[in-house]
Amino acid sequence: MREKELRLALICYGGISLAVYMHGITKEVWRLARASRAHHADAPPQEGSENVYRRLIETLSEAAGVELRVLVDILAGASAGGINAVFLADAISGGYSLDPLTDLWLETADVDRLLDPQVSAISRVAKAAAVPIAWAFSSKRGGTVEQTVEAGQRDEVRTKLANFVRARWFAPPFSGSGFTNLLLDALDAMRRSEAGPPLLPDYQPLDLFVTVTDFHGYPERLKLNSPSEVTETEHRLTISFRDSGGPERRLADPAELAFAARATASFPGAFPPFQTAELDEALAQRGRNWPGRGDFLKRVLPRHAAVGAAESAVLIDGSVLANAPFGPAIEALQSRPARREIDRRFVYIDPKPGIPSVRLSPNGEAQAPGFFATIFGALSDIPREQPIRDNLEAIDLRSARIRRLRHIVEAVRPQVEDAIERAFGTTLLLGRPTPERLAAWRNKAQNIAARQAGYAYAAYGHLKIAAVTEEIAAMLFRATGAGEKQRLEGIRNAVWEHVRGAGLTDEDGMTQAGTKPHVIDFLRNFDLFYRSRRLRSVARRLLELEARQDGLTAAMTGARTAVYDLIGRYANAGARAASRLYCDVAVQPDLALRHLAEELDLKQIDDEADLLLAEALSALPKAERRTIILAYLGFPFYDIATLPLLQGEGLDEFDPVKVDRISPDDATAIREGGAAATLKGTQFNSFGAFFSRAYRENDYLWGRLHAADRLIDIMVSTLPEETHLAPGIVTGLKRDAFRAILAEERGRLTHIVPLFEELEREVG
């Protein structure tokens, strides 16, 4: 069968106490990834919803003749979503279980556990004043508790609400250090669980992005015409982690993950702002070292570290300015290796679409906002509820560019194949290629493409040099510890100065008349992505051939495996080179480039590629061999036509990106009505689940059910348009998944027994 990957980039919104609901969703995503890995590893069948997902993978494979793999390789989150993204990324990278987190969420995400004991210890006078207010708010006839809380939970909520209101006024009621310790406990619990293999294939990177708001901000210099430079204060921060996917996977030290989770979820007014000293103290109390502390702070807080002030940085909730962190996830698409056909999805989790995080006006929009409502709306609600239109438009533009590239390639293919056949002869292309022949054919095809492109080839050549130079600067930037944009600009300037000084940008360096030897050497040493683009072009042609055939021969499978293996080798060379430390690039750019070329060692991979490709092509039937050789030798023609449109972008995943949402409004297989009909954590301005164990159990259970509903929809949508499952199959699989989840959770969720009875009737 053909192989296809459903790759999920998960974007997790903020939601305050709805973090428990999102835990249910991310736990189900984790189970889907486990089911896919187990299926392709021929592991024994699992129980629960994982078994249903595995059956669905088998059903889709039979229906479309495609072996579907599901993996999650990009995660981004803010606030409560940031916490869940951190935990899920850690589980995927390390093979850890998310099961231990469930009990921690249910037990510890409670207002009584989160309250700061020092804040609660107020004077008797303040208590005397606060208790009547709490009593009136919680007990009066027709009050908030009576209107929104079921009778069975009213006493619990009233008691905890009274404790909450007794907390010292004008101080965050929740404990920052307590929160940090809970996060460390959760990460420790995951590591104590029985670990399995990672949930990504070898050399498939995993990227995690968590947004944070720098309260004081840091100066950012902007270039203008007049004046030449201005300084503005930037408050947005993105803490990033990458597991490059090597033989020993590692995302980050638990202390660093706790740092990111605590900082992103410092909801203003509820938790105190986060500072590094809080984590240092928690680690000291546990007797735990943090080996990479200095390097981590330098990387995530470069401006503060440069002036020795990383410890004094004040960080607050990431969703204040970036509640939907699509941006870094979109950028991460540029470095994804592609070993088989890709169906890329951006899946964003919005736990309460259309419901503001904080609502202080009792009559909604019908009443003009008062003093506090205006302040809170401007500072908190409006930024975090800003629509994601800009992000979706960026994804649409990328997908449109990919579609245009495909049309260009298809339009010029007849002329390209005709030019290749005229130059080489029809019979020659049916011969068995050798490594030496491939190298000679490749050079000849490059020269023909240059001559036929005319004056456009010079423009293509300069763009190619520019793209390679920019990528060299990016690799050296990552290899020397990344950091702030100003340092990247210094590396770029040094590399460009070296490139110009070496004559690589001269007008006659790369023209239709030929390419100068020093330019050829430069491209042979550093043009990693031309090789990758060429192999991806061959891979796409192989996929087209496979799609038109009823069955795959061993030779076709071998050719596809060889091509994707080589793509992985080039990608791994780039990742390896970007992980080494080089000399001071700004001072010795020539030495840095020489070391980088030695580390990349593209000549060795080129020799391996020629050998593997020659063997794979020789094994193909004559008709298929001719088609693939034409695609391989014709690539210079296609690249000249498409690189100006790419503008140097890698586009490893050469397919349009689709966007899906998981929310209560979308998961209607069991119950319609959205969040209002299913969730409890939306109450008390989204703090509701902090006040009741029953509420947390309710939201966690609905999170799993909603996720199962939507994940099955998303998997089914990978089928080709002309392929449909038999009626009732999807409905039956959803019912089985719902029943499995209810059976698994009934013994744990003992505070919502009536809900189980309702759901069993509704599921049927």
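This is a predicted model: local features need pLDDT of at least 70, side-chain atom pairs count only at pLDDT 80 or more; totals for chains, interfaces and linings use all residues.
1. Ile395 is buried, with a relative accessible area of 3%. Buried here means under 20% relative accessible area, exposed means over 50%, and partly exposed lies in between (1.4 Å probe, protein chains only). Ile395 sits in helix 17, which covers residues 389-424. Helices (H or I, at least four residues) and strands (E, at least two) are DSSP runs, numbered from the N terminus. Leaving aside residues up to four places away in sequence, Ile395 touches Phe326, Ile330, Phe346, Val657 and Val659. A contact means heavy atoms within 4.5 Å.

2. Residues are numbered from 1 along each chain as its sequence is written, and side-chain values use heavy atoms, with hydrogens and water left out.

3. Confidence should be read before the details. pLDDT is the predictor's confidence in each residue, from 0 to 100. The protein chain has a mean pLDDT of 81, and 81% of its residues reach 70 or more. Confidence is highest in helix 31, at 96, and lowest in helix 7 (residues 124-139), at a mean of 40. Over residues 360-366 pLDDT stays under 50, and the model has 7 contacts there beyond four places in sequence. Residues 370-385 also stay under 50, with 27 such contacts in the model.

4. The overall counts come next. The protein chain holds 32 helices and 9 strands. It has 764 residues, of which 55% count as buried. Taking contacts between residues at least 6 apart in sequence, 79% join residues at least 24 apart. The accessible surface comes to about 32,400 Å², and carbon and sulfur atoms account for 52% of it. Such areas come from the Shrake-Rupley method with a 1.4 Å probe; for residues, only the protein chains shown count as cover.

5. In soluble globular proteins, nonpolar side chains tend to be buried together. A nonpolar core is a set of buried Ala, Val, Leu, Ile, Met, Phe, Trp, Tyr and Cys residues joined through side-chain atoms within 4.5 Å. The largest one here has 121 residues, and those with the most contacts inside it are Leu75, Phe87, Leu208, Phe259 and Leu701. Helix 30 (residues 693-716) gives the largest share of this core, 12 residues. Apart from it lies another core, of 76 residues, which includes Leu438, Leu542, Val585 and Leu633. As for Phe87, its contacts beyond four places in sequence are Leu98, Leu101, Trp105, Leu183, Ala186, Leu187 and Met190.

6. Strand 2 (residues 66-77) has 10 of its 12 residues buried, so it is largely enclosed by the rest of the structure. Strand 1 (residues 2-12) pairs with strand 2 in the parallel sense, over 11 bridges. Two strands pair if DSSP finds at least two bridges between them. Within this pairing, Lys4 stands opposite Leu68 in strand 2.

7. How many salt bridges does a search of the whole structure find? The total is 47. A salt bridge is a side-chain nitrogen of Lys or Arg within 4 Å of a carboxyl oxygen of Asp or Glu. One of them joins the side chains of Asp736 and Arg55 (2.8 Å, N to O). Asp736 lies in helix 31 (residues 729-745) and Arg55 in helix 2 (residues 49-64), so this pair ties together parts that are 681 residues apart in sequence. Asp736 is partly exposed, at 25% relative accessible area, and Arg55 is partly exposed, at 30%.

8. Another salt bridge brings together Arg626 and Glu421, whose closest N and O atoms are 2.0 Å apart. Arg626 belongs to helix 26 (residues 622-633) and Glu421 to helix 17, so the pair ties together parts that are 205 residues apart in sequence. Arg626 counts as partly exposed at 25% relative accessibility, whereas Glu421 is buried at 18%.

9. Salt bridges also form a network. The residues linked in it are Lys27, Glu28, Arg31, Arg34, Glu50, Asp99, Asp103, Arg704, Glu744, Glu745 and Arg748.
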